[in-house]
Amino acid sequence: MAGGAPNADYSVFASADYSEHDYANAILAGETYPATAQSKQKLVKAASGLPSSDAGKEDISVALAKLTHSIDDVSQQLRNVVTAHHEALLSEAASVHQLEGSLHAVRQGLVELSSSLEKLRLKIRVPYQNLSALVTRLQRLQLAADVLRRTSRFVLLARRLEFQMNEFAKAGAAATNGKSIATPPTARSSAGSVVEEGIGPEGDRERNIAKAAISIAELTSLSAPEPSTKPSPGASDVLPPIPLRSINAVMRHLPGIEASRVKITEEMENMLRDGLEDLNQSLLASSLQTAHNLRVLPELIHDVVGEIKEHVETRIKYAFDVAAISKDANKESATTAASSLMYRSRVRTEPTNVNAPQWAAALWTRLEGMVEELASGCIKASWIRLQTVYTLEKVLRLKKDTVTKAPFLEEVLKTLDSKPSSIFWMTLARILENQSRESAKGSSFIQQTLSNGYPRLLRLFHDFFSKIGFHTETIYSQSYQSPETVLVLRAITNFEALYLSRSSNRLTEAVGTAVSGGVRAPPGMAEGAAVARTIANELDSARFDPLLVKAVAKSVANALEIFLARIDALATRDRSATSLLGPGATPQQAVNAQLASALYHCWLRLSKLDGEYHKSVIAVVDPAVQGLRNTFDKIAEPLLLAIRHDLTAISSRLHRVDFGKAFDPEAGVGGPSLYMRDMVDKLTFVRDEILGRFVVGDLGKTWVVGIVRKVIRSFVLNASLAKPLGESGKLQLTSDMTEFEFALNAFMMQSGTQNRNSMRSDAIAEDYMALRALRPLLFLDNASLALEDRTAGLPPLIVLHHILVRSPLPLPHTIHGWKVEEYVRWVDEHTEQEAFTLIDGCLARWEATCGEDESASGDDPIRTQAYWMKAQDSQPPIRRCSSRNSS
């Protein structure tokens, strides 16, 4: 403000906390404002009338002077503002005067609007009041008409019900006196029930009950009070309906209606119980139709299902009641004088060693009775059994509502969680699982008895499934198991787990016993057969149940895997396991032979399970069984391969002998060659020290046959390639073949393969004939080589090799720069046709290298080759090469 005091002088008064009383007290007390805590106490004293000092009086006068000066200053400033803005203030005053005129016009318009609104209200209110009175009267007339209509319908139905009850009483009397009222089956009865397919026709008594039920249901709905509903905002004046129970004419009929309802309900329940006991579908259909007409069908089925649950729970608890089992066992046991003096102040929950058999017999008797009762209802007082549940469900599925055509079962499922049969199975499984688990926890006797006798418990349920299969279409077989059966068997999985645990322990114990000796006493034939026998026994004990045998098969597979792992750890696969240096077998070979014998005999017994069990069980066990054979092959095949390789190598040493010497009559024929003596020694070593340690039955004979065939082929092929070959060499080679034949015959006979004519057996007949035919081939003249009857039994390749040996032509391996061993191995790995092709190429190469003169110089071997090859129509490449040589 212009000319005013500084802002500091007015800041105190502009503060939001300013109080004129506090300011005055501070001035009187001589304190500053705003006051501190100490100054506030002084201000309080000053305000209470305490005397102040002279300094305070001086401060008051100074403050009053300042206030006076400030007031004068504010007045002067106001005058200055008015003086400076007087024109604007005058214009504002003029505008306010004009605004008063506008407001007066608006006020007059509002008055006119109020008068128009009042006139409009007078035109609507009177007709509305008249219309409201007429609407109220109409509602009352409608209520009266509705009450009269319902009362008339009620009285009519009450009289009809009375007539129907009389007819029902007459029908009951006629049935009591033995009179039969024949009623032809009709497609539709007057009670609204339909004779469905599969349900017999109803009698007069049942139809009267159904008719009376319809009347009672309608009378109940008419007399029932209307449900209280919350009125809508626009229907506040609607009058509530008048209940029929407030009318005297209706009240007179209510006791009779209630009595009829009670009687019909009792009759319906009796019909339902009789129908369930006798499995009478016609009687069940009548009772269910009556319940449907009474509109209590869902509640009735719900009560029946609840009673089924309660009965099943009671029966299962009774079967597992340890106290009752103890009483039954004591009744069966003989009472002796000593036992009468025993202390019996409490009921035993566990048997002793003396009465354990009686306890077990009592438990199994109770379980058998429970299964029998649930299956066939052997107790007449008990109508609850599985057949009744399925019969009830079948009738509910067949009976249909006459209006909606919906089966009764759909109506029932609105209140039940699932079908009655499903509820029965779930209840049975749940209660059986809970009771068996609790009983096993509370009684070690029940746990031990049912786990050890789990197959017997399963057989009880198998009998149960077979008895109910005809009525329920329940299937429990090796190929298919119904969901209901699996659900029930899952309830006793605790006993199955204990049984499988013991079975697995027996299998593991058998495996552990077999391999307990380690490398010092490795498992052999007896141990392998013992493991296989234990496995077969466990599977055989569970073969009657498809689910149990699968579970046991899994334990078998695990046991075999452990057995294979232990065998694999004991087996040796280094060079010592395949070394054939002699004179005896290595310790590693002896251990491997024992292990292989154990694996073979275990596999031999288990491989026969394929035809004894279902393919699903075999699918579980087969990988482990095949693992036995694979492990056996891994141990035996390297050794057999080494045997064949060593014997083949000895045969190839034939080429180190000089067979090209001329014949010396004075020298005569010596003994067998060195390589042949080594062959005989090696065969003897293999027979006695190697193969003799393997106890593998017929498989050992197969090994011997394979070795003999391999050795004969190798020897014949090497002998056909012996070059040069003189007369003395032929005699020596003949002597070697004779010794070789004797050695092979001894090898096969002492190996138990065949009888004394073992070399002529069908298994090696072809190779043996080639060996025997090779001997006269050496002494044939060149012209006889082309005669087919003179070379019978020899492969064409062997004859061709001998022709090349006699001719100046080089042998195939010589042209290619191979060793004889490499060529023999090549021939063994390829077909005979490929060998002929190779020889044909070698001849063509030899012709191109040596020229036409050398190839045409010819002598008898070449001509003999041409003649022999012309007689062979099956080898076109060789015929071509022969024609070239003969030219």
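1. Basis. This is a predicted model, in which local features need pLDDT of at least 70 and side-chain atom pairs count only at pLDDT 80 or more, while totals for chains, interfaces and linings use all residues. Residues are numbered from 1 along each chain as its sequence is written, and side-chain values use heavy atoms, with hydrogens and water left out.

2. Second largest cavity. The lining divides into seven nonpolar residues, no polar and no charged (Ala, Val, Leu, Ile, Met, Phe, Trp, Tyr, Cys and Pro count as nonpolar, Asp, Glu, Lys and Arg as charged, and the others, Gly among them, as polar). The lining residues are Met370, Val371, Leu374, Leu428, Leu432, Phe461 and Phe464. At least two residues each come from helix H13 (356-376), helix H16 (420-442) and H18, and H13 gives the most, with three. Helices here are DSSP runs (H or I, at least four residues), numbered from the N terminus.

3. Volumes. The second largest cavity has a volume of about 50 Å³, and the structure holds four cavities of 30 Å³ or more. On a 1 Å grid over the protein atoms alone, a cavity is a set of points where a 1.4 Å probe fits but cannot get out; a pocket is an open set with protein on both sides within 12 Å along at least five of seven lines; lining residues have an atom within 4 Å of a point. Grid points are joined across faces, edges and corners, and a volume is the space filled by probe spheres set on the points.

4. Largest pocket. The largest pocket holds about 940 Å³ of space. It is lined by 33 residues, and Arg713, Ser714, Leu717, Val824 and Asp828 are the closest to its centre. Two or more lining residues come from each of helix H24 (615-652), helix H26 (698-720), helix H28 (765-777), helix H29 (796-806) and helix H31 (820-829). H26 supplies the largest share, eight residues. By type, the lining has 12 nonpolar, nine polar and 12 charged residues.

5. Aromatic pairs. There are 14 aromatic pairs in the structure (ring centres of Phe, Tyr and Trp, the last by its six-membered ring, within 6.5 Å; planes under 30 degrees apart are stacked, over 60 edge-to-face and the rest tilted). Phenylalanine 461 and phenylalanine 465 form a tilted pair, 6.5 Å centre to centre with 40° between the planes. These two are about one helical turn apart because they stand four residues apart in helix H18 (residues 454-472). Phenylalanine 465 and tyrosine 476 have ring centres 5.4 Å apart and planes at 45°, so this pair is tilted. Phe424, Trp425, Phe461, Phe464, Phe465 and Tyr476 form one aromatic cluster.

6. Charges over rings. Arginine 543 lies over the face of tyrosine 613, 4.7 Å from the ring centre. The charged end of arginine 629 sits over the ring of tryptophan 603, at 4.6 Å from its centre. The criterion is NZ of Lys or CZ of Arg within 6 Å of the ring centre and within 35 degrees of the ring normal.

7. Leucine 654. Leucine 654 is in the loop between H24 and helix H25 (674-690). Its relative accessibility is 0%, so leucine 654 counts as buried (buried is under 20% relative accessible area, exposed over 50%, partly exposed in between, with a 1.4 Å probe and protein chains only). Leucine 654 and alanine 722 are 68 residues apart in sequence and 7.6 Å apart in space, C-alpha to C-alpha.
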